[in-house]
Amino acid sequence: MLRLGKREFGTHEPVIMAIVNRTPDSFYDQGATFRDEPALDRVEQAIADGAAIIDIGGVKAGPGEEVSAEEEARRTVGFVAEVRRRHPDVVISVDTWRHEVGEAVCEAGADLLNDAWGGVDPRLAEVAARYGTGLVCTHAGGADPRTRPHRVTYDDVMADILRVTLELAERALELGVRRDGIMIDPGHDFGKNTRHSLEATRRLGEMAETGWPVLVSLSNKDFVGETLDKPVRERVLGTLATTAVSAWLGARVYRVHEVAETRQVLDMVASIAGHRPPAVARRGLA
């Protein structure tokens, strides 16, 4: 069972986490949701399209202009409060590695802390425990926040992913984070080259077998772009193919830009797997 905010998600229920960037320089939307009005419109549309979680980020993942904790909080805290006011039942996640920001957004109503940088600030898990929120435990290969991998190597990338994410999950549990609120994330692109991310996808079943819910953040990432030699705006098909494979191998939560398209892919995979009946079934019955 996965329980986040007021929502409980069954074992075979795929969960979509919609990305809402409160940054002026995000790699994909180039600041389209930096201002409040378009960001709130994005939230409304994502929920209508089937997102159960809204993931709000105040700092671009890649290199760029320095963003202080104070500025990150300014971009996210008030927005979290407004989304909570408008949507009492939606799960609100915040993509941050900083405990100060985590504390502020939890006070504003966040249900989940999405730590994409692998516990670089160990106090973030303490915040999740104190507020009763969920926590994403991610493998980032030991990389510093907002850095790109350079000549990174692993003897066995999945073995390292499992070691790191399970250690983070067990530490979170010991600190008092709810077991049913902890997820593990292989961290595609984070501290990895394209071949590492492809192998992590291919072996995702090994993460699912641990029993911890697996979150994947695949949407329009560089490993998709390099695999197909496509620029950022032409990676949707590759992303959806990777999503289908990840769903088949047991991923539970999908952090995405294209919510409606992802919903169809996940519904189709669930129906093939026998976990979801067809929406209609007329063929051959009349």
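Guide: The structure holds 24 salt bridges. This is a predicted model, in which local features need pLDDT of at least 70 and side-chain atom pairs count only at pLDDT 80 or more, while totals for chains, interfaces and linings use all residues. Residues are numbered from 1 along each chain as its sequence is written, and side-chain values use heavy atoms, with hydrogens and water left out.

Visitor: What makes the contact of Arg255 with Asp55 a salt bridge?

Guide: A salt bridge is a side-chain nitrogen of Lys or Arg within 4 Å of a carboxyl oxygen of Asp or Glu. The closest N and O atoms of Arg255 and Asp55 are 2.7 Å apart, so the pair meets that definition.

Visitor: Which parts does the pair of Arg255 and Asp55 tie together?

Guide: Arg255 lies in strand 10 and Asp55 in strand 4, so the bridge ties together parts that are 200 residues apart in sequence. Helices (H or I, at least four residues) and strands (E, at least two) are DSSP runs, numbered from the N terminus.

Visitor: Why are Arg255 and Asp55 called buried?

Guide: Buried means under 20% relative accessible area, exposed over 50%, and partly exposed in between (1.4 Å probe, protein chains only). Arg255 has a relative accessible area of 12%, so it is buried. Asp55 has 0%, so Asp55 is buried as well.

Visitor: How do you know that Arg255 also forms a salt bridge with Asp95?

Guide: The closest N and O atoms of Arg255 and Asp95 are 3.3 Å apart, and the limit is 4 Å, so the pair counts. This pair links distant parts of the chain, with Arg255 in strand 10 and Asp95 in strand 5 (residues 91–95), 160 residues apart. Asp95 is buried, because its relative accessible area is 18%.

Visitor: Arg75 and Glu71 also meet in a salt bridge. Why are Arg75 and Glu71 separated by about one helical turn?

Guide: They are four residues apart in helix 2 (residues 69–86), which is why the separation is about one turn. Arg75, at 12% relative accessibility, counts as buried, whereas Glu71, at 23%, counts as partly exposed.

Visitor: What is linked in a network of salt bridges?

Guide: Asp156, Glu199, Arg203 and Glu206 are linked in this way.

Visitor: What makes the strands an open sheet, and in which order do they stand?

Guide: Eight strands form the open sheet in the order 8-7-6-5-4-3-10-9, with parallel pairing. Strand 8 (182–185) and strand 9 (215–217) stand at the edges, each with a single partner strand, so one side of each is left without a neighbour in the sheet. The twist averages 25 degrees from one strand to the next; angles run from 0 to 180 degrees between N-to-C directions, and axes are lines fitted to C-alpha atoms, for helices over the stretch in contact.

Visitor: What joins strand 7 to strand 8?

Guide: They pair in the parallel sense over four bridges, and Leu135 stands opposite Ile182 in strand 8. Both faces of strand 8 are covered: Ile182 and Ile184 on one side, and Met183 and Asp185 on the other, are all buried.

Visitor: Is Asn220 buried or exposed?

Guide: Asn220 has a relative accessible area of 0%, so it is buried. Its place is in the loop between strand 9 and helix 8 (222–228), and its phi is positive, about 60 degrees, although Asn220 is not a glycine.

Visitor: Why is Asp229 called exposed?

Guide: Its relative accessible area is 68%, so Asp229 is exposed. Asp229 lies in the loop between helix 8 and helix 9 (236–248). Its phi is near 55 degrees, a positive value in a residue other than glycine.

Note on methods: Pairing = 2+ DSSP bridges.
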